[in-house]
Amino acid sequence: MRFCILGPVTAYGLDGAVELGPTRQRTVLAVLLAAPGMPVTTDQLVDRVWGDQAPQRARQTLHTYLSRLRTALEAADGPNLVRRGRGYLLDVDPATVDLHRFRDLVGQARVADVGEAAELWREALALWRGTPFDDLDSDWLNAVAAGLERERWAAVLDRNDVLLRAGAHAALLADLTEAVDGHPLDERLAAQYLLALYAVGRQSDALAHYRLVRRRLVHEIGSEPGPALKDLHHRILHHDPHLVLREAPEPAEPAPQPPARSRRPAQLPADTAGFTGRADELDELDRLLDEPGPAIRIAVIGGTAGVGKTALAVHWAHRVSERFPDGQLYLNLRGYDPQQPMNVADALARLLVGLGVPDREIPVGVDDQAARFRSEIAGKRMILVLDNASTVALVRSLLPGSGSCLVVVTSRDSLAGLVAIDGAYRVDLALLSDKESAVLLGRLIGRRAQAEPATVALLAEQCARLPLALRVAAELAVSRPDSTLAELTAELTDRQSRLDLLDAGGDPYAAVGEVLSWSTQHLPAAALATFRLLGLHPGPDVDAYAVAALTGAPVGQARQSLALLARAYLVHRAGPGRFGLHDLLRAYAGQLAATELTEAQRSNAVRQLLDYYQTAAADAMDCLHPAEAADRPVRTARTAAVPDLSANHDAQRWLDNERFGLIAVATHAAAAGDGTYAVDLARIVHRYLIDAHTTEAITLNELARAAAERDGDSGRLAHALRQLGAAYGRTSRLDLAVDYQRKAVTLFQQCGDGAGQARTLTGLGVTLVRLGRHGEARTHMRSAVAVARLTGDAQGEAMALNNLGNLEQRLGHHADASDYLQQALDRFHVLGVRTHEANALTNLAVVETTLGRYAEAAAHLDESLTILKELSTPTVEAHTLDKLGMLLLRLGDVELATAKFAEALEIDRRTGVRASETYPLNGLAEAAFLAGDFDRAVDRHKQALAVAEEIGVKNQQARAHLGIGRALNARGDIEQARTHLETALALYEGLGMPEAAEAQQALAEMAPHSSTG
């Protein structure tokens, strides 16, 4: 069945169009189709279908619609509509929904070569049949449709760029001519139209259109064309011979490369609505674009709090973004936040993530992080905006090493060192002029401002001509349409004469304080209470549930208060359903909390917030990893509403959204003397962080370790050390991992915690295997089995047996390996730990493959994959696909084996598990060797070797050397082959692995070749 929502909502089965029922019923279907595979709760469905107009019996009506849709879909042999947790899920293949097909094609087009991309863009845009959902009436769907229209327009512009690079200027000209009529102020479109006109020999028409666009921009928005359009005009005017080029064709068989990151970063916040003034400063920044030479270009925008530094930086960065086609990075360093300023390591980690570096690949040390950042950004044409920087040292640590990049820094500090030593270009922001202030107020307030110009001038003075204060005051004026501006300014004048100023010396901050005080007094009581308490939140942003916990209010009221505060410019939207505070507003809110709330009220609010985060985090982890629930600390009693996190997608999304907030609240608790909270929270979210966010895992567990050491809590210190050992092991700092794990074993033993001791011994054994110290690893794993049995920890025993079986298989002790793995499998099955059960099935299949018991191996791998696909466990699934590929090679099915290795490699790269990539890479090489493609075999093995040496996976280094030697020998490169085979032999012998015999045999078999030259 196919579904179309990029236009009227329709569905097509084998027999044609499917009857979907009345408008509201089709609206329900559209909501489910907008996010296939994701459960939507009943409350969400009611809100998205009816909004504020929900009837009294909305739920009953909704269930009727769902029942009818289920019947209609079943009759047309369509997808299942099922109940999942507290919501409903349409189990539909995204490829059958035009919206998701469109997005998939767009993603492919953006990374394809020019020839392929042109066809992909054509196919993607052909899916549109009008305005999405245009036959439905839903505020939520209308908002979604508006966003989709923006996606379509971005796709059109990207398509145009591809066709122009391909030389299709004449073919595209008709479309561009029509498009510029509908989008007369779009500078990117104008540039495409100019280029097409010039390419077909119509230079005069191109220059005339530039003049037209410039007149429109100046007249309608008071702005000159951006640098990109100006530059193109200059080049057309001077007949630049390099302006119209055909993109060179791709080589027929490009060398294997790591997968391209499909999306360029586009992290700039939205441009400020009604941006006004700053023409001179914008011109100064524009001049920086023309600075010659290889040195990095740095602009430092300075000025007092609230003067508009961030607004100018973001506005200008948007204006010149086309000059930097590799993307834009944005980072708020929170340099003036008294609670959580960002440190260098955290900043570098976030920049690397923005560049697409998987979290697992981010180095641990600051120097290594900085080097990796410079390597990733080298040669790229990017803008980096570092907002709210407080020190030169911090900024200098984040500078790229490439002159192709441009860095914009905002700070209240002069950052003189950047100017003197690094050649930064400084732009100092003064207050807005009288005229600029009046223009801004006029734009924000509207016609009332035009009727009272003298009052507007007075209001500008009362706001000290600071943009932040002007916006807050303007919004208050708009919210009180029945009051004249003169009445409002008189009220503010009275307040400013009666209230104590923050600074009697006339600091502009004082005016902001008074304007904020004036504004907050007109908030509803609930919104004012929310704003006040937001000053106590230590994290970067919040959602309605966190606010409800902080304030003790119902979630619906918290959501309403946030909407009111956003309308009053007292908070800003930081993402879907999330809100943040300008640091100046955060300071003001904190001041209100300190002066207007008692110590008991503040402590109670923070405690409710901490309890909320701990409870919600535990709920999310129980959903994602239910088998480990008993290992997590006892949670606190619920004191606030928690979102429904019973579905994997919702649990994962909550953790992703709150990742940095969790670290912030743990840091706050530890600083306040509650080390227990920090340690327990680290234990709760350990599995989530260790699986995908090792940098944050180390940050949080180092915090937990310090707190436990300060409190003298040996038990909690042991958990922190065990988790640190696991995190450092994932980042291949194996010696440090061993050190922490050994200390943890000792502490668990002293505390009498047998379960902790056993599991740490197992982890220590795994780390030692990575180091090739198999004898020590076996000793620790056997000890783990014994301790777990003694303490009755059945799951810990099974985990130790599983890893011990892996080790014995690696060493060629197949009977022992099979026995251990079967014991582990039986225990996991009884305990219902399905992820571990699947892993044990895969490991047992490896032994059976080695012993030639192919039917048993195939059955176990099939059973494992069935479990893993149900549980959505990609890392273990990749491991299983790799082992299935090895079985298929044994069975002689090279083509299918290659497909399984490729699938495993794609998952490993998507999840960022670098060490695991070595296995399918070596598998692909061995498949190529069996197919007789020796060159490809060598290339693939070399890729595996590079990763294995980087990560320290010695057995895969040996495997790669053995494979390279065999392939080189097969194509006649005898001496090089001998070198690799000898290296493989030495590695295998050092590891005590049976593959040493294979390397020895390969060397013996090549001897006749070498004797003949």
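**Helix pair H24 and H25**

I began with helix H24 (residues 544–551) and helix H25 (residues 555–567), whose axes come within 8 Å and cross at roughly 105°. H24 and H25 are therefore roughly perpendicular to each other; the class covers 65 to 115 degrees, with angles under 35 degrees counted as roughly parallel, over 145 as roughly antiparallel and the rest as oblique. I took axes as lines fitted to C-alpha atoms, for helices over the stretch in contact, with angles from 0 to 180 degrees between N-to-C directions. On the H24 side I listed Ala-544, Tyr-545, Val-547 and Ala-548, and on the H25 side Val-555, Ala-558, Arg-559 and Leu-562; contact means heavy atoms within 4.5 Å. Helices (H or I, at least four residues) and strands (E, at least two) are DSSP runs numbered from the N terminus.

I note that this is a predicted model, in which local features need pLDDT of at least 70 and side-chain atom pairs count only at pLDDT 80 or more, while totals for chains, interfaces and linings use all residues. Residues are numbered from 1 along each chain as its sequence is written, and side-chain values use heavy atoms, with hydrogens and water left out.

**Nonpolar cores**

I looked up the largest nonpolar core, which has 83 residues; Phe-531, Tyr-613, Trp-654 and Leu-655 touch the most other members. A core here is a set of buried Ala, Val, Leu, Ile, Met, Phe, Trp, Tyr and Cys residues joined through side-chain atoms within 4.5 Å. Buried means under 20% relative accessible area, exposed over 50%, and partly exposed in between (1.4 Å probe, protein chains only). Helix H27 (residues 599–624) gives the largest share of this core, 13 residues. For Trp-654, leaving aside neighbours within four places in sequence, I found contacts that include Tyr-612, Tyr-613, Ala-616, Pro-643 and Leu-662. A second, separate core of 76 residues includes Val-40, Leu-136, Leu-195 and Leu-229.

**Salt bridges**

I counted 42 salt bridges, each a side-chain nitrogen of Lys or Arg within 4 Å of a carboxyl oxygen of Asp or Glu. In the bridge between Asp-135 and Arg-26, the closest N and O atoms are 2.5 Å apart. Asp-135 lies in the loop between helix H5 (114–125) and helix H6 (139–165) and Arg-26 in helix H1 (residues 23–34), so the pair ties together parts that are 109 residues apart in sequence. Asp-135 is partly exposed at 28% relative accessibility, whereas Arg-26 is buried at 16%.

I next checked Glu-151 and Arg-103, which form a salt bridge at 2.7 Å, N to O. Glu-151 belongs to helix H6 and Arg-103 to helix H4 (residues 98–109), so this bridge links parts that are 48 residues apart in sequence. Glu-151 is partly exposed, at 29%, and Arg-103 is partly exposed, at 36%.

**Strands**

I traced an open sheet of 3 strands in the order E4-E6-E5, with antiparallel pairing; two strands pair if DSSP finds at least two bridges between them. Strand E4 (40–41) and strand E5 (80–84) stand at the edges with a single partner strand each, so one side of each is left without a neighbour in the sheet. E5 is joined to strand E6 (residues 87–91) by 5 bridges, and Val-82 stands opposite Leu-89 in E6. Helix H3 (residues 58–75) lies across E5 and E6, running at about 20° to E6.

Finally, I examined strand E12 (residues 572–575) and strand E13 (residues 578–580), which pair in the antiparallel sense over 3 bridges. Their hairpin has 2 residues between the strands, and Gly-577 takes a positive phi near 75°.
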